[in-house]
Amino acid sequence: MDNHQKNKEKAPLYDALIQYKNSGKHTYHVPGHKNGQVYSNLTPPTMLQKVMSIDATEITGLDDLHHPETVIEEAQQLAADCFGAEESFFLVAGSTSGNIALLLTVCTEPGDLILVQRNVHKSVIHGLMLAGAHAVFLAPEIDSVSGLATAPSLTTIKAALQAYPNAKGVFLTMPNYYGMGFELSDIARACHDVGVPLLVDEAHGAHYGQHPALPNSALAAGTDGVVQSTHKMLSAMTMGAMVHVQGKLLDRELMKQRLSMIQSSSPSYPLMASLDLARLHLHRHGADAFTAGLAAVNKAKSGIQNNIPRFGLLGPSGADAGYTTQDPFKLVIYDKEMVLSGYELQRRLEDRGCVPEMSDDTFVVLLFSLGSSEEDAMHLLDTLLHISLEEEPRECEQLLKPDQTTLSRVSTWNILQSAVFSCPVSFHLRKIAKEQKEQISIGEASGRIAAEMVIPYPPGIPLLYPGEMIDENMKNHLILLRESGAKIQGNTDSSLDTILVMIEK
Ligand SMILES: Cc1ncc(COP(=O)(O)O)c(C=O)c1O
């Protein structure tokens, strides 16, 4: 075993943290809880104390995330090696911070223009606001069977690159929340042909490329900057994420500066160590890390297909070029009898102790991972069987019309955009004063300019941002969402009866 190989067997940051904990040193530094000592008299001992015993800070031997020279540097290099990047950076504020940092790295001057997939997580919209960027929004492809949006096609991206030769880059999200996607290599090439970086929010695809049953990763496709929530589909603690870079199109020094601007100067060590451990776990087990989880999700899928015909499974039909890959770990189900909406099915699952990742009008997304077990699959199958056998399912308003060609009408993931790409939209942080806005009924919102964001959560994709015109389609979409019971964030009236709009002059 050479030295490099030997190093991969270590988790340098995690090891240093444990060594520090076991050293029994007295602390004369922050954090104030002093390795959890402050709670030492609590009975029973709090679980948090255990975490606090390794909740260290930038003391000698534990390196500094914003100026890594020892264990954090080594841990990040090992991560880059594992995920196929030239350089990787640990994030302690989720993919949210990675998306913002990428945008602030590429859009350096107010008014810089970037091509952005329209259905993006709110962190991307926030990054555009912070950068004062101009965004040309690209319409995603819609899968004709499910009605769900994926990402803009190569044709759309090429046309937009040609129309906006001053664009600083292209920002996409892949895979989507449902695990749907397609190969990115051609898009990466199209970006590189005109000398701009491709940036991909791969929050839901940190595991991609790590097993033959999984789609290729965005990095393998040639993407320049990739953000992954290591906490979502791999095994880091919540908020643990990474941004990976390769090639010469991104200014890495600038990105480091941006990361230190938007992340705490006291990042959580347990969190960073969990990123190190997540990488070590992949290294130790290789593709085998996924064997049990894949077996579990496959058991659930075959159980549904063979024994619970009431529920359909989402998967590429082969007919639609816009959607060719599906994350096998995302089990996306719907009621084939079209009686239970996704929201209602989620409620029934939760009533019986199965907590899904999210639902929309039609689908429920059940997330399996490398941590899932056969028992999880069996419990789900049992529960679905019970639900399917219930004599009289509670009728919900969200009945789908039988003549519908696609399954979903109002998915919270989809955004209506009539043009293939929009005109440039300018983002900024200017506050909208009270005197400039008014609250009106949603029914009257058509033709008005939104003065607030409307964000169904999950998945956290803003349907509207301040300054965007609300057209008739959008108004109807919002009403349908309200009626279907979607949870809405970002706006003042979460029941969505009313909305803040700009006062007309
Ligand atoms: C597509 C997408 N990007 C980014 C994020 C933000 O990720 P994080 O929660 O790690 O900040 C999410 C969160 O759900 C997401 O769905």
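Here are some notes on the helix packing, the ligand site and a few backbone details of this structure.

1. Before anything else, remember that this is a predicted model, in which local features need pLDDT of at least 70, side-chain atom pairs count only at pLDDT 80 or more, and totals for chains, interfaces and linings use all residues. Residues are numbered from 1 along each chain as its sequence is written, and side-chain values use heavy atoms, with hydrogens and water left out.

2. Start with helices H4 (residues 71–83) and H11 (residues 269–285), which pack at an angle of about 40° with their axes 10 Å apart. That angle makes H4 oblique to H11. A word on terms: helices (H or I, at least four residues) and strands (E, at least two) are DSSP runs, numbered from the N terminus. Axes are lines fitted to C-alpha atoms, for helices over the stretch in contact, and angles run from 0 to 180 degrees between N-to-C directions. Angles under 35 degrees count as roughly parallel, over 145 as roughly antiparallel, 65 to 115 as roughly perpendicular and the rest as oblique.

3. Which residues of H4 and H11 make the contact? On the H4 side you'll find Ile72, Ala75, Leu78, Ala79, Cys82 and Phe83, and on the H11 side Tyr269, Met272, Asp276, Arg279 and Leu282 (contact means heavy atoms within 4.5 Å). By class, that gives 9 nonpolar, no polar and 2 charged residues. Here Ala, Val, Leu, Ile, Met, Phe, Trp, Tyr, Cys and Pro count as nonpolar, Asp, Glu, Lys and Arg as charged, and the others, Gly among them, as polar.

4. Next, look at H5 (residues 94–106) and H6 (residues 122–131), whose axes are 8 Å apart at an angle of about 35°. H5 gives Thr96, Asn99, Ile100, Leu103 and Leu104 to the contact, while H6 gives Ser123, Val124, Gly127, Leu128, Leu130 and Ala131. Sorted by class, the contact of H5 with H6 has 7 nonpolar, 4 polar and no charged residues.

5. Helices H7 (residues 154–163) and H8 (residues 185–193) pack at about 10°, with axes 10 Å apart. That makes H7 roughly parallel to H8. Leu154, Ile157, Lys158 and Leu161 of H7 meet Asp186, Ile187, Ala190 and Cys191 of H8. The tally for H7 with H8 is 6 nonpolar, no polar and 2 charged residues.

6. Now for the ligand: 13 residues surround it, and the closest are Thr96, Asp201, His204, Ser229 and His231 (a residue is near a molecule if one of its heavy atoms lies within 4 Å of it). A polar side-chain atom of Asp201 is also 2.5 Å from a ligand nitrogen atom. Ligand oxygen atoms take part too: one is 2.8 Å from a polar backbone atom of Ser95, and one is 3.1 Å from an N or O atom in the side chain of Lys232.

7. Finally, some backbone details to look up. Val30 and Pro31 are joined by a cis peptide bond with omega about 0°, and Pro31 sits in the loop between H2 (12–22) and H3 (47–52). Met239 isn't glycine, yet its phi is positive, near 90°; find it in the loop between H9 (230–233) and strand S8 (241–245).

Definitions and conventions
A polar contact is a pair of N or O atoms within 3.5 Å; within protein, one must be able to donate a hydrogen and the other to accept it, and residues adjacent in sequence count only if both atoms are side-chain atoms.
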